[in-house]
Amino acid sequence: MATGLPAAWFIKERSPIKPAKMVEWSLFKDVRFAVLFAVGVIGTFPLFVPAFFLPLYTNSLGLRSSAGAGLVAAFNFSSAIGRLSCGFACDRLGSLNTLFLSLLLSALSIFVLWPVSTSIGPLIAFTIINGSANGGFFSTMPTVVGNVFGSARMSVAVGMIVSGWLGGYLLGAPIAGYILNASGGQAGGIGAYRPAIFYAGSMATAATILAAFVRIKVDRRIKKTV
């Protein structure tokens, strides 16, 4: 409240915005919006899997419960740092480029770092990198929508896209938990976590590919700030 209310008070629209509908179905006729909507739907499934699994994973490694709590705190802190740093990156690299890079970093950290995190060191590195990448997704997506579709349609477009995140919010971590349980649960050791890890990594990879498609659809020049 101390930071949000003053910021909201001083915000002014650069130009008057006409009242808009809550849902504008015609947006789905635009391939860019349809694919960006799919990026949000798919990309939210793996976002909270590490945060939910880290305490269980550390217990399976034989570490103290305090280590799991510390890693979750580090994940949340890294997410906050990722939101800030990706905001600056949007100004330098472009919002679509930043969204693609944050999703790519999330996918790579899950596929490359998490499976080999058999000690606290690599696990801390995974927590920081993945938390930062996931935070970047949340801060970058509204910027992408505003840049691609304009400020006049931003409120409706963002509302529709965020509504599509409901499935990932509710089912992303539970699906991973079901996969873990089917693979032997905590009693199966860290090897039992790999199917759930690959599930999360696959979802993040699919979202990355779709984000790359939107980036190319907007502008095919790779070095262009978009």
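Buried residues account for 39% of the 226 residues in the protein. The model is a predicted one.

**Overall build.** The protein has 9 helices and 0 strands. Read along the sequence, the order is α-α-α-α-α-α-α-α-α. The radius of gyration is 19 Å, close to the 17 Å that the globule rule gives for 226 residues, so the protein is as compact as a globular protein of that length. Along the principal axes, the C-alpha trace spans about 60 × 40 × 35 Å.

**Contacts.** Take the contacts between residues at least 6 apart in sequence. Of these, 78% join residues at least 24 apart.

**Surface and charge.** Carbon and sulfur atoms hold 68% of the accessible surface, which comes to about 12000 Å² in the protein. The side chains include 17 positive and 5 negative ones. The centres of these two sets lie 6 Å apart.

Here are some whole-protein values side by side.

| Property of the protein | Value |
|---|---|
| Span of the C-alpha trace along the principal axes | about 60 × 40 × 35 Å |
| Distance between the centres of positive and negative side chains | 6 Å |

Where does Gly70 sit? Its place is in helix α4, which covers residues 65–93. Gly70 has a relative accessible area of 38%, so it counts as partly exposed, between the cut-offs of 20% and 50%. Gly70 and Ile129 are 59 residues apart in sequence. In space, Gly70 and Ile129 are 15 Å apart, C-alpha to C-alpha.

Notes:
Residues are numbered from 1 along each chain as its sequence is written. This is a predicted model: local features need pLDDT of at least 70, side-chain atom pairs count only at pLDDT 80 or more; totals for chains, interfaces and linings use all residues. Side-chain values use heavy atoms; hydrogens and water are left out. Helices (H or I, at least four residues) and strands (E, at least two) are DSSP runs, numbered from the N terminus. The radius of gyration is taken over C-alpha atoms; the globule rule is 2.2 Å times the number of residues to the power 0.38. Buried means under 20% relative accessible area, exposed over 50%, partly exposed in between (1.4 Å probe, protein chains only). Contact means heavy atoms within 4.5 Å. Accessible areas come from the Shrake-Rupley method with a 1.4 Å probe; for residues, only the protein chains shown count as cover. Lys and Arg count as positive and Asp and Glu as negative; His and the chain ends are not counted. The place of a charge is taken as NZ of Lys, CZ of Arg, CG of Asp or CD of Glu.
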